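Reader: I would like to go through the terms used for this model one at a time. Please set each value against its cut-off.

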Amino acid sequence: MTDYTPIQQYPAPQAAPPRNGLGTAGFVLGLVGLVFSPIPFVGVVAWPLVVLGLILSAVGVARVRAGKATNKGLSIAGVVVSILGLVVSILWVLVIGKAISDVNDQATQHHTVTYEVTGDAPSVTVVYSTFDQHSILIDTEPSAPVPWTKTVEATGFLEGAQFAATTGPEGGSITCKVVVDGKQTKTATASGPAAVAGCTGF
């Protein structure tokens, strides 16, 4: 009889897991930073995340090239998402800086505002805004003759300013107009008794 020696079967060797903790950490930080970077105010936390993610991912790529790590794709992806997050963060800084500069310019800008009422109504009641430093005050002139005009000076924002003219019981037609720094910004017309021409929102 022939003796058969059983063949021993060995399990297939398992592939070595990727060795690149720095590259993986860089990818995670860069990805989180990229997600946060476009969010106003919250995006400020993206700066340290994307910078640290870029550094770690770059070290991970260097380890791959030196043969000390195996997950090259993840390390490169970490570099890419970190750079994208950094670009978005820089753009937000530029946009926010421009917005702050514009607000500061508007807050100190001087304006000349001229209110005008014309028409065939004998008289009108006029409500208009005047400006005291950073405050907006409301003045009223009842039974003002038509045509009527008033020029006021203002510094800063004009939002919230009002101007309206109302005819008396005798009626007639009127047109209100607002001129800011020499440019007409608002006009409206009304006719009849107690008719209101509103030029608010200039």
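Predicted model: local features only at pLDDT ≥ 70, side-chain atom pairs only at ≥ 80, totals over all residues.

Reader: Where is Ser75, and what is it in contact with?

Author: Ser75 lies in helix α3; helices are DSSP runs of H or I with at least four residues, strands are runs of E with at least two, and both are numbered from the N terminus. Contact means heavy atoms within 4.5 Å. Apart from neighbours within four places in sequence, Ser75 is in contact with Asn20, Gly23, Ser57, Gly60, Val61 and Val64.

Reader: What makes α2 and α3 roughly parallel or antiparallel?

Author: Helix α2 (residues 46-65) and helix α3 (residues 72-108) pack at about 155°, with axes 8 Å apart. Axes are lines fitted to C-alpha atoms, for helices over the stretch in contact, and angles run from 0 to 180 degrees between N-to-C directions. Under 35 degrees is roughly parallel, over 145 roughly antiparallel, 65 to 115 roughly perpendicular, and the rest oblique. α2 and α3 are therefore roughly antiparallel. By class, their contact has 14 nonpolar, 8 polar and 1 charged residues. Here Ala, Val, Leu, Ile, Met, Phe, Trp, Tyr, Cys and Pro count as nonpolar, Asp, Glu, Lys and Arg as charged, and the others, Gly among them, as polar.

Reader: How do you know whether α1 and α3 are roughly parallel or antiparallel?

Author: The angle between α1 and α3 is about 30°, and their axes are 8 Å apart. By the cut-offs for angles, α1 and α3 are therefore roughly parallel. Residues of α1 including Gly23, Phe27 and Leu34 meet residues of α3 including Ser75, Gly78 and Gly85. That contact has 7 nonpolar, 8 polar and no charged residues.

Reader: And what about α1 and α2: roughly parallel or antiparallel?

Author: These two helices, α1 and α2, pack at about 150° with axes 7 Å apart, and are therefore roughly antiparallel. α1 passes α2 in a left-handed crossing. A crossing is left-handed if the near helix is turned anticlockwise from the far one by less than a right angle, and right-handed if clockwise.

Reader: What makes Ser37 buried or exposed?

Author: Ser37 is in the loop between α1 (21-36) and α2. Its relative accessible area is 2%, so Ser37 is buried. Beyond residues up to four places away in sequence, Ser37 touches Gly43, Ala46, Gly85, Val88, Ser89 and Trp92.

Reader: Why is the pair Lys177 and Glu116 called a salt bridge?

Author: A salt bridge is a side-chain nitrogen of Lys or Arg within 4 Å of a carboxyl oxygen of Asp or Glu. For Lys177 and Glu116 the distance is 3.4 Å, N to O. A search of the whole structure finds 1 salt bridge. Lys177 is in strand β6 (residues 173-180) and Glu116 in strand β1 (residues 110-119), 61 residues apart.

Reader: Which accessibility class do Lys177 and Glu116 fall in?

Author: Lys177 is at 25% relative accessibility and so counts as partly exposed. Glu116, with a relative accessible area of 24%, is partly exposed.

Methods
Residues numbered from 1 in each chain as written. Heavy atoms only, no water. Buried < 20%, exposed > 50% of the residue type's maximum accessible area, 1.4 Å probe, protein only.
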